[in-house]
Protein chains: 2
Amino acid sequence: MTSQYDVLGLGNAIVDVISMVDDDLLAREKLAKGGMMLIDEARTESLYKQMGSTSIISGGSAANTIVGAASFGAKTAFIGKVKADETGKAFAHDIRAIGVEFTTKPAQDGPATARCLILVTPDGERTMNTFLGACQNLGPDDVDADLVRASAITYLEGYLWDPPAAKQAFVRASEIAHAAGRRVALTLSDQFCVDRYRAEFLDLIRSKTIDILFANQHELKSLYETSDFDSAVAALRNEDILGAVTVSEKGSLVVTRGETLAVPAYPIQKLVDTTGAGDLYAAGFLAGLSRDQDLKTCAQLGALAASEVIQHVGARPQRSLAAMASENGLGV
Amino acid sequence: MTSQYDVLGLGNAIVDVISMVDDDLLAREKLAKGGMMLIDEARTESLYKQMGSTSIISGGSAANTIVGAASFGAKTAFIGKVKADETGKAFAHDIRAIGVEFTTKPAQDGPATARCLILVTPDGERTMNTFLGACQNLGPDDVDADLVRASAITYLEGYLWDPPAAKQAFVRASEIAHAAGRRVALTLSDQFCVDRYRAEFLDLIRSKTIDILFANQHELKSLYETSDFDSAVAALRNEDILGAVTVSEKGSLVVTRGETLAVPAYPIQKLVDTTGAGDLYAAGFLAGLSRDQDLKTCAQLGALAASEVIQHVGARPQRSLAAMASENGLGV
């Protein structure tokens, strides 16, 4: 069956508030570098006060991925919950601006649109502090069944396990997709997120609720509770799933039951801000997959998109990824 | 008399909404590349809809300059009007985050905090479309006389001639500063702004309402209604004023009655977004001047700050300018 959309994303609709900070701030506030912490409104205010001048740029893991896939020319849609406030309006503008179908109704009351305070240290690493706000209102009723059925791949973020009702939305989307003969992908999102929901994520894999898994090396090691990366990859190879595992500057591994394919990263001039590296890798991989590219090309497209996003502030591409793919002989 | 503040800025308090666009959009919307147009709310909505994903970063010409001077370690303050909305809160956070004293009362009603839609084309040039919003509520009552008296230099932007009451605030600030034996600086802001207010700007210079003038080559040519840059510089040399004129990648000229000093620009790796180049030049120049550096060093500090800001999106520095000055042997 042909599909109207290549990729549909379901995730937390978040606007990033990004600031360059010294390592001192992480130490003083006892923040684990590279991770994602959930914070309440009071903590958001107190941390924000300590940040320098910010750049406010739409974010959200799955949303970044969908925008990246759209930048490659894929037909995309997104489901996520904002509030009808200034920040929510900016989120909706930015995702629609690149042609993503986004029709989830904004909340009229309740908490504000979600914000993620992102502290970028001089080494380019980002440490994220998320106030989930209106994302907590995302529920199964927001899952447009027709949209899911019309999408070749439905992409879900592990972070959806945090707001309680979003988990139900996730499961419902997967059921509808599979009933329509579509594929479902999951990103493990964050190693601390995997710590929180390890058993459930393993169950999603083994119950075949998902068909494609994205992870980075830290998340994969956390999933299989091992400090040895090779063991974690071996464990993944035993699952009946298509896995794409990013390994920072070493590139990525595409893991199937049959083989493990290593694909290098693209060279960069200067690492500025790693925010969105994994999200954009998934964008390129899914854009390739939805156009029936081979797995190596999918991983190369992912690496290319990641190389663009880590050379500037923010997790949304600033250049046309389709143009970059074409320049690099990787037509999507 | 010693001063509590090195530089006080008075200007429009604006948040920039920045997007990379194709030249097509400028042509379609008949926008003059490199300029600043004033737009109303309806036009703001219609133009915003045509922009891609945005970065929202505090801006405002004089505000950028003051933040830059603060980044060099100068003691600074700012007067400007926001509304008490989400955007206004972000502006206040960002300017205070770097240590700028900012106590102007936000408007509780009336139009929203000012936004400038900035379209950045692939050549790095920015085209600005400003909705003045709450800036129109800035008036002489917002000028804190004690703050002006306590500041070695009061820096005013030519753009203040646009909102009617701000012009009175400008003149009042200059009178207070001069009565206290302080210096007053003006930036011509924009060639179209000079077109609008040429006679008044010349009168500010000749009536000695200002002591220091910042301009770029286009603004200076517009001021003296000549297409010949050398003639414009000669005309400026005849005014009894300290002039600092930026000449894009050629650097700047420091013009006094006695001599014209040419100071080269700093080399850059990649031009990304010229927004704030002039503002940051003024920041370095004023930071140097307030610490009694010679004019050549002032111009070098200006060039250094400009080189930082044009290599990323947004008009606020992302690195410590004091650290950059020190690395380049230009201790402030």
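The exercises below work through strands, helices and a chain contact in a predicted model.

Residues are numbered from 1 along each chain as its sequence is written, and chains are lettered from A and ligands numbered from 1 in the order in which they are written. Because the model is predicted, local features need pLDDT of at least 70 and side-chain atom pairs count only at pLDDT 80 or more, while totals for chains, interfaces and linings use all residues.

**Exercise 1. The sheet of chain B**

Task: give the strand order of the open sheet in chain B and name its edge strands.

Solution.
Step 1. Helices (H or I, at least four residues) and strands (E, at least two) are DSSP runs, numbered from the N terminus. Two strands pair if DSSP finds at least two bridges between them.
Step 2. The order of the 9 strands in chain B is β6-β5-β1-β9-β10-β11-β12-β13-β14, with mixed pairing.
Step 3. β6 (101-102) and β14 (260-263) of chain B each pair on one side only, which makes them the edge strands.

**Exercise 2. From β11(B) to β14(B)**

Task: follow the pairing from β11(B) to β12(B), on to β13(B) and then to β14(B).

Solution.
Step 1. Strands β11 (residues 212-216) and β12 (residues 242-246) of chain B run parallel and are joined by 5 bridges. Here Phe214(B) is opposite Ala244(B).
Step 2. β12(B) and β13(B) run antiparallel with 4 bridges, and Thr246(B) is opposite Ser252(B). Their hairpin has 5 residues between the strands, and in it Ser248(B) has a positive phi near 50°.
Step 3. β13(B) and β14(B) are also joined by 4 bridges in the antiparallel sense, where Val254(B) has Leu261(B) as its bridge partner. This hairpin has 4 residues between its strands.
Step 4. A residue is buried if 20 or more other C-beta atoms lie within 10 Å of its own, exposed if 12 or fewer, and partly exposed in between, with C-beta atoms placed from the backbone. Ser252(B) and Val254(B) on one side of β13(B), and Leu253(B) and Val255(B) on the other, are all buried.

**Exercise 3. Two helices of chain B**

Task: describe how α10(B) and α11(B) pack.

Solution.
Step 1. Axes are lines fitted to C-alpha atoms, for helices over the stretch in contact, and angles run from 0 to 180 degrees between N-to-C directions. The axes of α10 (residues 277-290) and α11 (residues 295-309) of chain B are 7 Å apart, at an angle of about 145°.
Step 2. The crossing is right-handed; a crossing is left-handed if the near helix is turned anticlockwise from the far one by less than a right angle, and right-handed if clockwise.
Step 3. The residues of this contact comprise 16 nonpolar, 4 polar and 1 charged. Ala, Val, Leu, Ile, Met, Phe, Trp, Tyr, Cys and Pro count as nonpolar, Asp, Glu, Lys and Arg as charged, and the others, Gly among them, as polar.
Step 4. α11(B) also lies across β12, β13 and β14 of chain B, at about 35° to β14(B).

**Exercise 4. The contact of the two chains**

Task: find how many residues each chain gives to the contact, and which element of chain A gives the largest share.

Solution.
Step 1. Two residues are in contact if their C-beta atoms, placed from the backbone, lie within 7 Å. Chain A gives 24 residues and chain B gives 24 residues.
Step 2. On the side of chain A, β4 (55-58) and α4 (86-97) are the elements that give two or more residues. The largest share, 6 residues, is that of α4(A).
Step 3. β4(A) pairs with β4 (residues 55-58) of chain B in the antiparallel sense over 3 bridges, with Ile56(A) opposite Ile56(B).
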